[in-house]
Amino acid sequence: MFEFSQNQSTSAVAEPKQAKRAASGQSHHIQGQNSAGNTMDRMRNFKVEFGPSRKDILNFTNQLSIMVRAGISLQEALESIGEQVRNEKFRVVILDLKDQIEAGQSFSQALANHPNIFSNLYINMVAAAEVSGSLSDMLQKLAEYLDEEGATRSQIKGAMVYPVIIAVMAVVVTVFLLVFVLPRFTEIFAGKENMLPAPTLVLMQLSGFMRAWWFVLLPLAAGGVWGFIHFIGTPSGRSWWDQTKLKLPLIKTLCRALYITRSLHTMSVLSKGGVPILNTIQITAQITGNELYRNMWLKVHEQVRQGSKIAASLSEFDLMPPDVVQMVRSGEDSGTMSDVLRDVAEFYSRELKSIIKTVTSMIEPIMIIVMGLLVGFIAMSIILPIFRMSSVVT
């Protein structure tokens with residue numbers, strides 16, 4: 001009886017422990033599943049987001065202009081746009097603008113707290129609109145400006161795509177011929193070096209060098225590209241590169257037209273929007289995209305601040321064509337500066353499109369000819385020795 005009752009009590013004590021262990025194991029299993037599920041969800045939802053693009057800012061400006069013109073308050077418009085924006089970082093910025101305005105700041109002051117997203121031109125035009133009470137009209141002008149700037153950038157990039165592709169293909173084909181094709185003929189030419197022309201010998205030595213030292217040449221090429229990009233990012237390198245772009249054949253015509261168009265278009269929009277002339281010139285200096293033009297506008301700004309006229313200051317530099325200086329002078333004398341700048345900017349905008357087409361049509365055949373000469377030179381350096389050997393044999 002005693003043994004039976006003892007076993008029974010032991011069994012009764014063991015059952016709760018087993019139940020606890022089972023429950024604990026089940027809990028750990030569930031936690032493990034939840035942890036794995038959370039990890040999978042995080043991996044599934046993981047994405048890398050950058051700041052807003054130019055298109056995002058353009059869409060934001062267009063929507064805000066329409067909503068303000070419709071009578072919606074600025075805070076409500078920002079909140080509505082912020083809820084619809086897909087870019088998370090831009091959504092945070094838009095909602096922060098709303099919070100700052102509700103805290104008592106003006107729209108331009110709120111924009112100035114995000115200088116990496118909104119340019120000085122954007123901020124100053126909004127500030128001028130707040131003074132004149134024409135925010136919706138100014139936002140519409142800003143949208144048109146951003147749209148035209150985006151179109152110009154797309155045209156420039158589009159013009160450079162084809163030449164870059166041809167240049168890359170020329171390098172790839174040349175390396176392929178030297179590293180994979182020419183070595184197959186090296187065995188044929190072995191022992192007959194005295195019969196080979198000088199170009200063939202040079203190419204054979206270059207091919208052998210590239211095959212033997214490829215593990216050094218690849219890092220050197222990558223380091224050279226990185227070094228060039230880093231160099232033109234420094235003040236001295238940037239200045240050298242900006243000067244070089246204005247000296248290269250074909251490229252200098254395109255760059256010159258681009259910088260003039262951008263400068264005049266910016267000045268036209270700012271002056272039409274009521275931005276003070278000194279602020280207009282200073283902002284124009286910042287958006288030109290070239291160090292030489294930037295320094296020119298900064299010097300013009302200093303001279304105008306001391307009492308000189310814009311045209312008189314521009315005439316001291318050879319970066320602006322004489323006809324542009326003359327038109328600016330007529331605008332200053334007649335008091336129609338913004339209209340004159342708008343007309344000149346539109347003229348140079350059409351001129352820029354024409355130059356882009358001309359430069360593209362000239363670069364494409366030049367690149368094709370260069371690639372053909374390069375590949376043809378390598379092919380002839382391989383074929384001519386074979387013909388010479390066959391003539392000797394016969």
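Predicted model: local features only at pLDDT ≥ 70, side-chain atom pairs only at ≥ 80, totals over all residues.
Residues are numbered from 1 along each chain as its sequence is written. Local features here need pLDDT of at least 70, side-chain atom pairs count only at pLDDT 80 or more, and totals for chains, interfaces and linings use all residues, while side-chain values use heavy atoms, without hydrogens or water.

**Stop 1: helix H11.** At 1.5 Å a residue, its 22 residues should span 32 Å, and its end C-alpha atoms are 32 Å apart, which agrees; the expected span is 1.5 Å times one less than the number of residues. Of these 22 residues, 16 are buried (under 20% relative accessible area, 1.4 Å probe, protein chains only).

**Stop 2: the largest nonpolar core.** Now pick Leu-264, Met-296, Trp-297, Val-300, Ile-310, Leu-314 and Met-320, which have the most contacts inside this core of 38 residues. A nonpolar core joins buried Ala, Val, Leu, Ile, Met, Phe, Trp, Tyr and Cys through side-chain atoms within 4.5 Å. Helix H16 (337–393) gives the largest share, 11 residues.

**Stop 3: around Val-300.** Show its neighbours: Val-300 touches Ile-281, Ile-310, Ser-313, Leu-314 and Phe-317, leaving aside residues up to four places away in sequence. Contact means heavy atoms within 4.5 Å.

Technical notes:
Helix = DSSP H or I, 4+ residues; strand = E, 2+ residues; numbered from the N terminus. Buried < 20%, exposed > 50% of the residue type's maximum accessible area, 1.4 Å probe, protein only.
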